[in-house]
Amino acid sequence: MPLGTLERSAPPLFKQGPSALSRLAAFSALALFLMVADTRFQITGPVRQAIGTVLYPVQWLMLQPVEWSRHGSAYFQSLQSAQAAADAAAQKLVVVSQQAHQAEQLAQENIRLRKLLELRDRLNTPAQAAQVIYDTADAFTRRVVIDQGQVHGVEQGVPVMDEGGVLGQVTRVFPLVSEVTLLVDRDQAIPVLNIRTGARGVAYGDPVASHGGGLELRFVSANADVQEGDVLTTSGLDGVYPSGLPVARVVRVERRADSAFARIYCTPTARVEGARHVMLITPTAGTDPARPTAEPAAVLKKGKQK
């Protein structure tokens with residue numbers, strides 16, 4: 001191809017416009033003009049409102065993942081804090097319930113101790129306080145162990161009672177502790193007096209579960225005046241228990257035609273199942289007045305003969 005046929009000017013595809021510096025100056029001037037005009041005349045306010053209205057759904061959609069992540073983290077944080085608060089509240093509730101239970105137990109114990117002190121003030125015999133440590137492991141006996149022994153002056157056969165009445169009798173003494181056999185034990189018996197009728201009898205331990213583990217008033221005639229609700233107290237005839245101490249209450253009377261004796265079941269007034277504080281009473285045998293000797297009777301007989 002001859003060189004004369006080639007155009008010396010650049011093809012339209014490669015034509016260059018204004019220079020970059022010219023365009024920068026023009027656009028800078030336009031931006032400065034628009035800023036000054038917008039400041040003075042607020043000419044771009046409607047445009048911004050229209051663009052903001054159009055772009056708001058897009059902005060809302062773009063912000064949703066951020067909001068979801070923020071709300072999700074806040075939810076888990078609030079859930080953890082709620083669980084921690086619930087655990088703290090549960091622990092506090094346990095502590096408060098324990099304190100309330102202890103306060104109630106102390107109140108009940110205080111009432112029992114007051115009754116025990118009042119009962120001691122009414123007694124004319126010396127008494128000694130003690131505390132029940134535990135029940136014996138023998139399943140065939142009804143015995144408890146108290147924290148007073150030989151070093152404390154406890155002797156075998158000493159009556160034991162709580163705020164409700166006679167509880168039992170000391171049957172074994174060790175240096176530091178003693179063993180008390182309860183009234184409901186099958187080997188125990190106590191002379192009693194019916195307050196309503198004045199009749200005397202002997203109550204024996206009745207550990208049978210069907211009868212509630214109480215006492216049985218034996219060898220009472222079938223036609224004897226005994227009713228449910230009669231209160232039995234110590235008669236004082238055995239020289240061990242002081243007279244007038246509460247022992248039991250009659251709960252059932254069975255009279256059979258084929259038997260000359262009635263079956264009388266009683267429940268002890270003492271807390272045989274949960275006694276905690278007890279009192280040891282000096283037996284009345286040591287305080288009884290001495291019996292008169294035969295010498296005054298012989299002198300009186302000689303005087304009559306004269």
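This is a predicted model: local features need pLDDT of at least 70, side-chain atom pairs count only at pLDDT 80 or more; totals for chains, interfaces and linings use all residues.
## Overall make-up

The chain has 306 residues, and 28% of them are buried. Its secondary structure comes to three helices and 12 strands.

Among contacts with a separation of 6 or more, 57% join residues 24 or more positions apart. The chain exposes about 21100 Å². Carbon and sulfur atoms supply 60% of that area.

Three of the pairings can be followed strand by strand, from strand 6 through strands 7 and 8 to strand 11. Strand 6 (residues 189-194) runs antiparallel to strand 7 (residues 200-206), and five bridges join them. In this pair, Leu 193 stands opposite Arg 200 of strand 7. Strand 7 also pairs with strand 8, again antiparallel and over five bridges. Here Val 202 has Arg 218 of strand 8 as its bridge partner.

## Strand 8 in its setting

Strand 8 spans residues 214-218. It is mostly covered, with four of its five residues buried. Besides strand 7, strand 8 pairs with strand 11 (residues 263-268). That pairing is antiparallel and has three bridges. Within it, Glu 216 stands opposite Tyr 265 of strand 11.

In a regular strand, side chains alternate between the two faces of the sheet.

## Helix 1 and its end

Helix 1 covers residues 20-41, which is 22 residues. At 1.5 Å a residue, the helix should span 32 Å.

Just after helix 1 comes Gln 42. Gln 42 takes a positive phi of about 55°.

Glu 179 sits in strand 5 (residues 178-182). Its relative accessible area is 10%, below the 20% cut-off, so Glu 179 counts as buried.

Which residues does Glu 179 touch, beyond those up to four places away in sequence? The contacts are Thr 136, Arg 143, Val 144, Gln 169, Val 170, Thr 171 and Arg 172. The list includes a run from Gln 169 to Arg 172. It also includes two arginines, Arg 143 and Arg 172.

Notes. Residues are numbered from 1 along each chain as its sequence is written. Side-chain values use heavy atoms; hydrogens and water are left out. Helices (H or I, at least four residues) and strands (E, at least two) are DSSP runs, numbered from the N terminus. Buried means under 20% relative accessible area, exposed over 50%, partly exposed in between (1.4 Å probe, protein chains only). Contact means heavy atoms within 4.5 Å. Two strands pair if DSSP finds at least two bridges between them. The expected span of a helix is 1.5 Å times one less than its number of residues. Accessible areas come from the Shrake-Rupley method with a 1.4 Å probe; for residues, only the protein chains shown count as cover.
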